[in-house]
Each structure stands twice: as structure tokens, then as C-alpha cells.
Amino acid sequence: MTRISVLAACLLLAACSGDLFANAKTLRTQASESLAQKNYGIAMDKAYAATLKSPKDAEGFFLLAQAQAQLGRKNAAMASLETAIANGFTDEEAIKGNVNLAPLRNAEAYKELMAASFTPAPGEGAAPAEGAAAADAASGEAKPDGQQAQAAPASAPAH
């Protein structure tokens, strides 16, 4: 009799919690589908379950952030988005273009997170300096007294 009770309890538990045996990928798929259908509560539940199954998965946290933002849970959405980025979500355009994250875009925390996460480091993609000083620095030519050589103006013809 006890075996039947244990089996019944397991079946009841499985029926009540469909996520118990689902893997993280399945849960992410379900969360994505729920977001597309604007079922944000279900999307949040599925994405949250995915993050529990796979806590280092950036995609799960990105989906969770979207659902939370749409449900008005801005602080939680910011935390989830930050975790997604920390776990390796590097598609800046996917974040900026995502309609579900629109409720976050005017928040100072969102602007700071995006600037800190995606602004190129100095020297990486920075705009080049202008004028003779830039040409001097680029050429690396120095006069005997240690001063940088003056470069010819860019409009002067070369001989």
C-alpha cells in the first residue's frame, strides 16, 4: 500500500508542476512562446524556472527580464537583464531593439547598465584625434631635442 501512495504522490507532484521534469531549453522555448503571445505571467514563470535549472544561462535571464518589464517589475527586470549580460549576453542590438524591454529604456539604471556593458574601452573604436598633433603621435617621429615633428597639413600636396 505504501508503494502506491508514493507513486500517487509522485504523479500528483508531476501533474501540479509540469516544469519539474522539463529541461532549461524547453522552458526557454515555452517562455519565448508565451512572450510572443503576450502571456507575460506564464513567460515569467517559465523563464524563472529555466534560470533555476541553468543559473549561468544568459538567455533565460534575458527572457525573464522581458517578462518582468512587461509586468511592471522594473527593478527585478533590471536585475535580470544585468545578470543576463554578466552571464554572457552580448547582443547589444537585441537588447536595444527588444520591444518587451521598452518600459526600462528611460530608467537611469538601464542607461548606466548599457553604457557600462557596451561602451568600447579607450583605444577600441575611439574616434581618431585631429590635426597635426594626431599626425605627430601616429608617425612617432621626434626631433633631436625630444619634441614631436610637425606634420604637413593634410591639404598640402606631397612632392
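Reader: What makes α2 and α3 roughly antiparallel to each other?

Author: In this predicted model, helix α2 (residues 24-36) and α3 pack at an angle of about 160°, with their axes 8 Å apart. Angles over 145 degrees count as roughly antiparallel, and α2 and α3 are therefore described in that way. The crossing in which α2 passes α3 is left-handed.

Reader: Which residues make that contact, and how do they divide into nonpolar, polar and charged?

Author: From α2 the contact takes A24, L27, R28, Q30, A31, S34 and L35, while α3 contributes Y40, I42, A43, K46, A47, A49, A50 and K53. The residues of the contact of α2 with α3 comprise 10 nonpolar, two polar and three charged.

Reader: Why is S34 called buried?

Author: S34, which lies in helix α2, has a relative accessibility of 8%. Buried means under 20% relative accessible area, so S34 counts as buried. With its neighbours within four places in sequence left aside, S34 is in contact with N39, I42 and A43.

Reader: How do you know that α3 is roughly antiparallel to α4?

Author: The packing angle between α3 and α4 is about 150°, and their axes are 8 Å apart. Since the label applies to angles over 145 degrees, that value makes α3 roughly antiparallel to α4. As for handedness, α3 passes α4 in a left-handed crossing.

Reader: Which residues make the contact there, and how many of them are charged?

Author: On the α3 side the contact is made by Y40, A43, M44, A47, Y48 and T51, and on the α4 side by G60, F61, L63, L64, A67, Q68 and Q70. The residues of the contact of α3 with α4 divide into nine nonpolar and four polar, with no charged residue in the set.

Reader: Why is G41 called partly exposed?

Author: The relative accessible area of G41, a residue of helix α3 (residues 40-53), is 31%. Partly exposed covers the range between the buried limit of 20% and the exposed limit of 50%, so G41 is given that label. Along the sequence G41 and A67 are 26 residues apart, whereas in space they are 7.1 Å apart, C-alpha to C-alpha.

Reader: What makes E59 partly exposed, and which residues is E59 in contact with once its neighbours within four places in sequence are left aside?

Author: E59 belongs to helix α4 (residues 58-70), and its relative accessible area is 32%. Because this value lies between 20% and 50%, E59 is partly exposed. With its neighbours within four places in sequence left aside, E59 is in contact with R28 and F89. E59 and T83, which are 24 residues apart in sequence, are 10.0 Å apart in space, C-alpha to C-alpha.

Reader: Turning to the whole chain, what does its secondary structure come to, and how much of the chain counts as buried?

Author: The secondary structure comes to eight helices and zero strands, and, read along the sequence, the pattern is α-α-α-α-α-α-α-α. Of the 159 residues of the chain, 30% count as buried, which means that they fall under 20% relative accessible area. The accessible surface of the chain comes to about 10400 Å², with 57% of it belonging to carbon and sulfur atoms. Among the contacts in the chain with a separation of 6 or more, 50% are accounted for by residues 24 or more positions apart.

Notes
Residues are numbered from 1 along each chain as its sequence is written. This is a predicted model: local features need pLDDT of at least 70, side-chain atom pairs count only at pLDDT 80 or more; totals for chains, interfaces and linings use all residues. Side-chain values use heavy atoms; hydrogens and water are left out. Helices (H or I, at least four residues) and strands (E, at least two) are DSSP runs, numbered from the N terminus. Buried means under 20% relative accessible area, exposed over 50%, partly exposed in between (1.4 Å probe, protein chains only). Contact means heavy atoms within 4.5 Å. Accessible areas come from the Shrake-Rupley method with a 1.4 Å probe; for residues, only the protein chains shown count as cover. Axes are lines fitted to C-alpha atoms, for helices over the stretch in contact, and angles run from 0 to 180 degrees between N-to-C directions. Angles under 35 degrees count as roughly parallel, over 145 as roughly antiparallel, 65 to 115 as roughly perpendicular and the rest as oblique. A crossing is left-handed if the near helix is turned anticlockwise from the far one by less than a right angle, and right-handed if clockwise. Ala, Val, Leu, Ile, Met, Phe, Trp, Tyr, Cys and Pro count as nonpolar, Asp, Glu, Lys and Arg as charged, and the others, Gly among them, as polar.
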